[in-house]
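Subject: A structure for you to look at

Hi,

Here is the structure I said I would pass on. Have a look at it first, then read my notes below.

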Amino acid sequence: PKTDIVFLKVHKSASSTVMNVLFRFGETHNLTFAFPIGGGNQLFYPRHFLARFVQGFSPRSPQRFNILCHHMRFLQPEVQKVVSSSAIYFSILRNPVQLMESSFMYYKGTSAFSRAHSLEEFFSQPYHYYNPADSDSHYARNLMTFDFGFNPDGAVSAKRVQLMLKAIEASFDLLLISEYFDESMVLLKEMLCWDLDSVISFPLNIRDSSTKSPLSDTIVEKIKDWNRLDWEIYTHFNRTFWERIDQDIGRERMQQEVKALRKRQAELARTCLQGIGSVAPKDIKDSSLQPLQHGKAKILGYNLKQGLDKETERMCRRLVTPELQYSSALYKKQFAQKHP
């Protein structure tokens, strides 16, 4: 199994669920994480990543960490200082239309979105709301482009798009697609030589459907135009994703693998969860499993079954622990000697 991994955690793209997979694998195999200094949950985002943002990094005796997966704005020369040269790099992308709708609810408090009551209103005169100079403007335009380290307000020329795609291809071994999450996990498992249970997950940081709004065709087109760089990234890597499946696995075996994954996930849900799945924040009984609520989004969580044996309880709890709580527990464990 591969144990040196860089995951670029792109915002609002099922990346918290992927992070849980990495947290569990890292914890089970006693791997080290490149944590933000002081144990926060972002590596000084939205600044470009620097090695010195990592707790325990020192240029004099560069310590290599196994897994780098907290939110960052990608800058490969700096990333290379904290991970092994053989590390596997991957990320996950989401359709920019859904990504924008999700960001609008989740980052409602940002300068671009706070005054617009709806995406319709925002797009009626975007530059009335959006100012590229605002420090949080990246949440409102080409967010994936930004997370990969590029300028989200750059001109969309064929040449520039080509250079961007080439740069991403040169840096990353695999780009997953959140709309095909199960297929993505199968590809990831193959690339990392992990077993099936290592890539099983329950969806984390997802919104209650009551806070999702349907989009008209007109708005969909406006979103694509506004996020043209993201759209180019997404359509390109959505295509190479399926090419990769055809080349490495084949559609038929992929179907079987996905079936096995879903079957195992359903088994674990029956073992671990009360009821059939996620519940509204007010219905989460264990406060330590309460996910962070943000903006206008209503983030769902889980209730574990009572009376599980110790080992099962531990496995189940790991599957449903929200990102912030899990990250902070792993940080405390990794730096225990420093913080008695």
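Keep in mind as you read that this is a predicted model.

In what order do the strands of the open sheet sit? The order is 2-1-3-4, and the pairing of these 4 strands is parallel. Strand 2 and strand 4 are the edge strands, each pairing on one side only.

Strand 3 covers residues 88–93, and you can follow its pairing both ways. Towards strand 1 there are 4 bridges, and the two strands run parallel. As a landmark, look for Ile5, which stands opposite Ile88 of strand 3. Strand 3 also pairs with strand 4 (residues 174–177), again in the parallel sense and over 4 bridges. On that side, Phe90 stands opposite Leu174, and Ser91 stands opposite Leu175.

Are the residues of strand 3 buried or exposed? The strand is mostly covered, with 6 of its 6 residues buried.

Now turn to helix 3 (residues 96–106) and helix 10. Their axes come within 9 Å and cross at roughly 95°. Angles of 65 to 115 degrees count as roughly perpendicular, so helix 3 is roughly perpendicular to helix 10. From helix 3, the contact uses Pro96, Val97 and Met100, while helix 10 brings Val220, Ile223, Lys224 and Trp226. Sorted by class, this contact has 6 nonpolar, no polar and 1 charged residues.

**Salt bridges**

Side chains of opposite charge can pair when their charged atoms come close. How many salt bridges does a search of the whole structure find? It finds 22.

- Lys81 and Glu78 meet through their side chains at 2.7 Å, N to O. Lys81 is partly exposed at 37% relative accessibility, whereas Glu78 has 14% and is buried.
- Asp153 and Arg141 form a salt bridge at 3.5 Å, N to O. This pair links distant parts of the chain, 12 residues apart: Asp153 is in the loop between helix 6 (143–147) and helix 7 (158–171), and Arg141 is in the loop between helix 5 (126–129) and helix 6. Asp153 is partly exposed, with a relative accessible area of 29%, but Arg141 is buried at 14%.
- Asp208 and Lys298 are joined by a salt bridge whose closest N and O atoms are 3.5 Å apart. Here the partners are 90 residues apart, with Asp208 in the loop between helix 9 and helix 10 (217–226) and Lys298 in the loop between helix 12 (251–272) and helix 13 (310–320). Asp208 counts as buried at 17%, while Lys298 is partly exposed at 34%.

There is also a network: Lys189, Glu190, Arg253 and Glu257 are joined by salt bridges that share partners.

Where is the cis proline? The peptide bond from Tyr45 to Pro46 is cis, with omega near 10°. You'll find Pro46 in the loop between helix 1 (15–28) and strand 2 (67–68).

Ala14 has a positive phi of about 65°, although it is not a glycine. Ala14 belongs to the loop between strand 1 (5–8) and helix 1.

Cys193 sits in the loop between helix 8 (181–192) and helix 9 (196–199). With a relative accessible area of 46%, Cys193 is partly exposed.

Note on methods
Residues are numbered from 1 along each chain as its sequence is written. This is a predicted model: local features need pLDDT of at least 70, side-chain atom pairs count only at pLDDT 80 or more; totals for chains, interfaces and linings use all residues. Side-chain values use heavy atoms; hydrogens and water are left out. Buried means under 20% relative accessible area, exposed over 50%, partly exposed in between (1.4 Å probe, protein chains only). A salt bridge is a side-chain nitrogen of Lys or Arg within 4 Å of a carboxyl oxygen of Asp or Glu. Axes are lines fitted to C-alpha atoms, for helices over the stretch in contact, and angles run from 0 to 180 degrees between N-to-C directions. Angles under 35 degrees count as roughly parallel, over 145 as roughly antiparallel, 65 to 115 as roughly perpendicular and the rest as oblique. Contact means heavy atoms within 4.5 Å. Ala, Val, Leu, Ile, Met, Phe, Trp, Tyr, Cys and Pro count as nonpolar, Asp, Glu, Lys and Arg as charged, and the others, Gly among them, as polar. Two strands pair if DSSP finds at least two bridges between them.
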